[in-house]
Amino acid sequence: MISGWSEVFLGVIALGALVTTLIQIGAVIAALRIAREARQMITAVHQDLRPLVTKVSAMADDASRTLVLAKAQAEKVDRLTTDLSRRVEETAAVLQEAIITPAREGMALVAALRAGIESLRGWRAAPANRRSAEDEDPLFIG
């Protein structure tokens, strides 16, 4: 009877191995199907993304060109501003030399003439306006 039971157990083990093998074969087939579908999806995504990548690349190129143009324009504005500032300074210097300096000299000449005239007036009136030593303050000790 022991040999009968061993054949039964041996049959059960064989049946279990057969079921396990069938399950593994089913899992491998399912994994292959999933891999094939994943590959198809990846291919579809690549095909859908190619035009988008091309457009983004074109946009980046346009942005780069625009940046180069903007930089060139900014440099032009900087040069113009610097040139304008230099010209304003030169003009101010020319104005100062041409107008302000002669005007100052003219005002100095007028002030000198005025002082000379006042001096002549004061020299004529001086003998009549001079005080004598006696007219000074009697409280002054000197």
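Biologist: Good to have you here! How many salt bridges does the structure hold?

Modeller: The structure holds five salt bridges. A salt bridge here is a side-chain nitrogen of Lys or Arg within 4 Å of a carboxyl oxygen of Asp or Glu. This is a predicted model, in which local features need pLDDT of at least 70 and side-chain atom pairs count only at pLDDT 80 or more, while totals for chains, interfaces and linings use all residues. Residues are numbered from 1 along each chain as its sequence is written, and side-chain values use heavy atoms, with hydrogens and water left out.

Biologist: What makes Arg 65 and Asp 62 a salt bridge?

Modeller: Their closest N and O atoms are 2.7 Å apart, which is within the 4 Å limit, so the pair qualifies.

Biologist: Why are Arg 65 and Asp 62 separated by about one helical turn?

Modeller: Because they are three residues apart in helix H1. Helices are DSSP runs (H or I, at least four residues), strands are runs of E of at least two, and both are numbered from the N terminus. The chain has one helix and zero strands.

Biologist: Why is Asp 62 called partly exposed?

Modeller: Buried means under 20% relative accessible area, exposed means over 50%, and partly exposed lies in between (1.4 Å probe, protein chains only). Asp 62 has 41% relative accessibility, so it counts as partly exposed.

Biologist: Which residue forms a salt bridge with Arg 87?

Modeller: That is Asp 83, with the closest N and O atoms 3.4 Å apart. Arg 87 and Asp 83 lie four residues apart in helix H1, about one turn of the helix. Salt bridges that share partners join Asp 83, Arg 86, Arg 87 and Glu 90 into one network. Asp 83 also pairs with Arg 86, where the closest N and O atoms are 2.2 Å apart.

Biologist: How do you know that Asp 83 is partly exposed?

Modeller: Its relative accessible area is 24%, so Asp 83 is partly exposed. Arg 86, at 39%, is partly exposed too, as is Arg 87 at 49%.

Biologist: What makes up the nonpolar surface patch of about 660 Å²?

Modeller: Its residues are Leu 15, Leu 18, Val 19, Leu 22, Ile 23, Ile 25 and Ile 29. Patch residues have over 30% relative accessible area and no salt bridge; like charges are joined within 9 Å, and nonpolar side chains (Val, Leu, Ile, Met, Phe, Trp, Tyr) within 5 Å. Ile 29, found in helix H1 (residues 2-129), has 41% relative accessibility and therefore counts as partly exposed.

Notes
Areas by Shrake-Rupley, 256 points an atom, 1.4 Å probe, with all protein chains shown as cover.
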